[in-house]
Amino acid sequence: MDQSFLVMLSNLLHLHNSLDPTTSLLSDALSSSSSSSSSASTPSSLLHSSSIAPLLFFTIASVLSYVTSTRPSLTTTTTTTTNNNNNTTTTNSNNNNPSSDYSVSAFRALSTEHIWSLEAPLRDAHWRSLYGLSYPVFTTVVDKLKPHIALSNLSLPSDYAVAMVLSRLAHGLSAKTLASRYSLDPYLVSKITNMVTRLLATKLYPEFIKIPVGRRRLLETTQAFEELTSLPNMCGAIDTTPVHLRNNPNPNTNPNFYRCRYGYPSLLLQVVSDHKKIFWDVCVKAPGGTDDSTHFRDSLLYHRLTSGDVVWDKVISVRGHHVRPYVVGDWCFPLLPFLLTPFSPSGMGTPAQNLFDGMLMKGRSVVVEAIALLKGRWKILQDLNTGVRHAPQTIVACCVLHNLCQIAREPEPELWKEPDESGPPPRVMDSEKSFYYFGENLRQALADDLHQKLSSR
């Protein structure tokens, strides 16, 4: 019997004695064996008692007995309900916790279980929304970086670390925002970002950003540009773009040093693209206040081309001039035999020159679109939130990822639109005078040949 019920029964006995002091239930029951009047203590006699206390006693006792008998099940039900509510609360708490969606276990479930339950188009679209590229391209990046990441003794899985950095590059997230999302320390997020972008910019750069010196690739590139522009032996288009810096550069330097032509602090990115909008040269060496010609002359590509280190075997003859493969740029670049620019930015040349300028700018449009794709796909380049020290490697890493996406024929995102640029043509350097005159004669020969060829059609 429940101990609490015994306590209540004892209290009721005391209550009975206080209500009917002339009758004692216990004393009457004990004296029934020695007196013939003990029948007055039986239940029937108690019911006929002149006092209402015995009836009140048994009524209350019966109610308490029933309550006591049902109490354990009610307690159990209450406990179960409470536990269920607690479990529900815990579950809801976990579901409402954003970091649980970005945990290692959540990523592992996504990449190893959920990912294969989807059709390939849905799978890759979902992966692009998270990391900027499809699942097959993602696994390629992980496989190539994994041996290098393993040497760093990183406590996180390699694919998880790469996914986290790609998420930052694709969505332009700051280290603080990413740290909150992944429940990591901001310092660790910055450290992982710097490690992965450095590996992309150094280990994967030579494999995916290469000058087209191979005959097969060079022939494919020049033929594609000729189909686009009717100009022979064009092998690329060059341009620059300022990459906006969110964090202020060194306050001790002249603010105009980093301020680009659009008025914000930046670093200057120079790229050369082929007809597929794949970069075959990338250079980030100057602050945003540097002009295009100065940046180009300070680049490794310039020194390799002027020194003859890069040798293109595909040579054609145009009106008595030997024409080697060349790239095209706007009037902000110097005119050289391997870099041809327009005659006039305002269209004030001869009909042949104006026709040449139009076709040249048509070829140059591929690099403009390539830059727009680069910044549209890797949004961190729209507002770079790393330190100036690690900014160049982050920019180059995005260029490597851009090439991977172009090679894999990833869907093109919405293009980033920059204002139209303008600027004065560069002056001719004394060391470049022979190059300039040769380039000038070559450009005129190509313009005359193009005009005659298209006029005769």
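Helix axes here are lines fitted to C-alpha atoms over the stretch in contact, and their angles run from 0 to 180 degrees between N-to-C directions. Helices (H or I, at least four residues) and strands (E, at least two) are DSSP runs, numbered from the N terminus. The structure is a predicted model, in which local features need pLDDT of at least 70 and side-chain atom pairs count only at pLDDT 80 or more, while totals for chains, interfaces and linings use all residues. Residues are numbered from 1 along each chain as its sequence is written, and side-chain values use heavy atoms, with hydrogens and water left out.

**View 1. Helix H8 packs against helix H10.** Two packed helices are described by the angle between their axes and the distance between the axes. H8 (residues 158–171) and H10 (residues 186–202) meet at about 90 degrees, with axes 9 Å apart. The two are therefore roughly perpendicular (under 35 degrees is roughly parallel, over 145 roughly antiparallel, 65 to 115 roughly perpendicular and the rest oblique). On the H8 side, look for Ala161, Met164, Val165, Arg168 and Leu169; H10 contributes Val189, Ser190, Ile192, Thr193, Val196 and Thr197. Contact means heavy atoms within 4.5 Å. By class, this contact has seven nonpolar, three polar and one charged residues (Ala, Val, Leu, Ile, Met, Phe, Trp, Tyr, Cys and Pro count as nonpolar, Asp, Glu, Lys and Arg as charged, and the others, Gly among them, as polar).

**View 2. Asn385 sits in the loop between helix H15 (351–377) and helix H16 (391–407).** Asn385 is buried, with a relative accessible area of 9% (buried is under 20%, exposed over 50%, partly exposed in between, with a 1.4 Å probe and protein chains only). Its side chain makes a polar contact of 3.0 Å with the side chain of Arg168, a residue you met in View 1 as part of the H8 contact with H10. The Asn385 side chain also reaches the backbone oxygen of Leu173 at 3.3 Å. A polar contact is a pair of N or O atoms within 3.5 Å; within protein, one must be able to donate a hydrogen and the other to accept it, and residues adjacent in sequence count only if both atoms are side-chain atoms. Leaving aside neighbours within four places in sequence, the contacts of Asn385 include Gly172, Ser174, Arg246, Asn247 and Ile380.

**View 3. Val328 lies in strand E6 (residues 326–328).** Val328 is buried, at 0% relative accessible area. Although Val328 and Thr341 are 13 residues apart in sequence, their C-alpha atoms are 5.9 Å apart. Leaving aside neighbours within four places in sequence, Val328 is in contact with residues including Met234, Gly236, Ala237, Ile238, Leu360 and Arg364.

**View 4. Trp127, Tyr131, Tyr135 and Phe138 form one aromatic cluster.** Rings of Phe, Tyr and Trp (its six-membered ring) pair if their centres lie within 6.5 Å; planes under 30 degrees apart are stacked, over 60 edge-to-face and the rest tilted. The whole structure has 14 aromatic pairs. Tyr131 and Phe138 have ring centres 5.9 Å apart and planes at 25 degrees, so this pair is stacked. Tyr131 is buried at 6% relative accessibility, and Phe138 is buried at 3%.

**View 5. Ser183 and Ser230 have positive phi values.** Most residues other than glycine have a negative phi. Ser183, with phi near 55 degrees, belongs to the loop between helix H9 (175–182) and H10, and is exposed at 51%. Ser230, with phi near 70 degrees, is in the loop between helix H12 (215–229) and strand E1 (234–244), and is buried at 14%.
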